[in-house]
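Hi,

Here is the structure I promised to pass on. Have a look at it first, then read my notes below.

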Amino acid sequence: MKAEELSAMTASFARRLLEERMREPINRRRFLGAAVRGAWGLGGLAVLGACARDTGTSGGAQRVGGTLTMVIWEGYDDREATAPFRDRYDVTVRPTYIGNNEEIVTKLQAGGVGSIDLVTPYNGYVEVLHDAGLLEALDYDRIPNSAHYIDRFDRPEWNTFDGKTYSAPFIWGTDPMMYNAKFVEEPPSSWMDVLDPRYQGKVVMVDDTLGQIMIWAKVLGYDPPVQLTMDQLNQVIDFLIDIKRTQARAFAASWGDVADIMARGDAWVSTGGWEAITNFAAAQGADVRWVHPKEGDFAWTDSWCIPKDAPNAATAYAWIDWMIGPEAQPILAKNLSGGVVNEEAIDRLDEETRSIFPYDDLNQIFEKAPYYPMPPREPGRYATLDDWNTAWERLRAA
């Protein structure tokens with residue numbers, strides 16, 4: 001066997017091992033019903049060159065098709081919304097579902113660069129990934145549907161640095177409290193209601209560092225909730241540890257787990273939320289709803305980003321364009337109770353989905369649930385993002 005053939009075989013074997021590692025679930029949990037999102041097969045060979053369209057990349061022309069390896073929030077590979085694209089281009093999706101944004105950073109830094117095609121960070125984490133040198137700048141000319149962005153999602157300051165844009169926003173929402181209407185007749189009015197004795201052992205928490213600290217910093221009166229001294233940060237963590245020890249039934253690894261736990265009736269209220277949990281729980285026959293407590297919560301926008309050296313960048317670009325387009329957006333919004341980013345998609349929303357957010361005046365929702373910047377990255381007066389992650393480990397271990 002020639003040396004170059006042996007080298008190629010060795011590289012191929014190493015690549016397959018890495019891909020298998022990347023496809024291992026971060027959180028051990030069963031998938032939710034296929035009515036909400038697909039359970040994709042993880043085996044099979046890439047079918048490159050199966051479609052009719054060539055797309056130029058830095059490495060030369062590549063055909064759209066084959067396998068897309070993703071590290072994403074659960075539900076973002078929605079089977080219904082993506083079926084036309086997958087069928088047209090013979091695309092196989094290999095997702096790894098995350099429980100928090102830090103897992104995207106960890107996966108990419110632990111060998112994922114060169115093996116992952118797409119990631120879906122929260123708006124604040126786009127800059128974190130950019131600063132770590134983990135993302136490719138996006139060419140919006142290769143994403144025609146970007147021309148139809150609602151203004152606030154067209155190159156916002158959180159995804160554009162030095163004139164280059166590093167993400168394509170595709171869905172947004174808020175972080176409300178979830179409650180099981182079968183057991184909770186009146187929607188809770190305050191986040192502090194989770195301390196009510198009737199909810200002892202009926203509260204579900206979620207392993208979401210950024211979101212949970214922001215919510216409960218607001219509850220404790222710290223606003224903006226991303227500017228916390230170390231003493232204030234420790235107060236928030238101590239408060240959450242008390243909830244975990246005295247009130248919580250479960251500390252869920254992901255939003256899918258929250259939906260499972262609440263759908264079973266094991267927990268009745270949550271310490272954080274996502275509108276899509278209503279849909280996930282409904283697929284299991286449960287009536288789980290959301291409410292915005294008086295202390296408020298926050299808004300988020302998730303994006304598609306292409307990591308450095310993505311192996312199937314041409315297909316990643318085509319996927320992004322499809323996912324922000326007017327065909328996929330209404331389906332994603334319905335199935336995930338999310339907000340659309342495409343102007344042309346608004347009129348295609350069904351009445352119930354359109355009523356979730358006031359598209360005629362989106363300021364209404366962002367006043368109740370504003371965007372917040374990330375915690376500081378450099379040491380100074382306030383606790384840094386690294387401090388937040390370290391403090392959260394104390395909560396995990398409690």
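**Cavities and core**

The largest cavity has 14 residues in its lining, and Trp73, Tyr122, Asp208, Trp255 and Trp300 are the ones nearest its centre. Two elements, α5 (209-219) and β14 (299-304), each give two or more residues to that lining. Helices (H or I, at least four residues) and strands (E, at least two) are DSSP runs, numbered from the N terminus.

A cavity here is a set of points, on a 1 Å grid over the protein atoms alone, where a 1.4 Å probe fits but cannot get out; lining residues have an atom within 4 Å of a point. Points are joined across faces, edges and corners, and a volume is the space filled by probe spheres set on them.

This is a predicted model: local features need pLDDT of at least 70, side-chain atom pairs count only at pLDDT 80 or more, and totals for chains, interfaces and linings use all residues. Residues are numbered from 1 along each chain as its sequence is written, and side-chain values use heavy atoms, leaving out hydrogens and water.

How many cavities of 30 Å³ or more does a search of the whole structure find? There are two.

Finally, Tyr76 touches Phe170, Trp274 and Trp304, among others, not counting residues up to four places away in sequence (contact means heavy atoms within 4.5 Å).

Cheers

Conventions. On a 1 Å grid over the protein atoms alone, a cavity is a set of points where a 1.4 Å probe fits but cannot get out, and a pocket is an open set with protein on both sides within 12 Å along at least five of seven lines; lining residues have an atom within 4 Å of a point.
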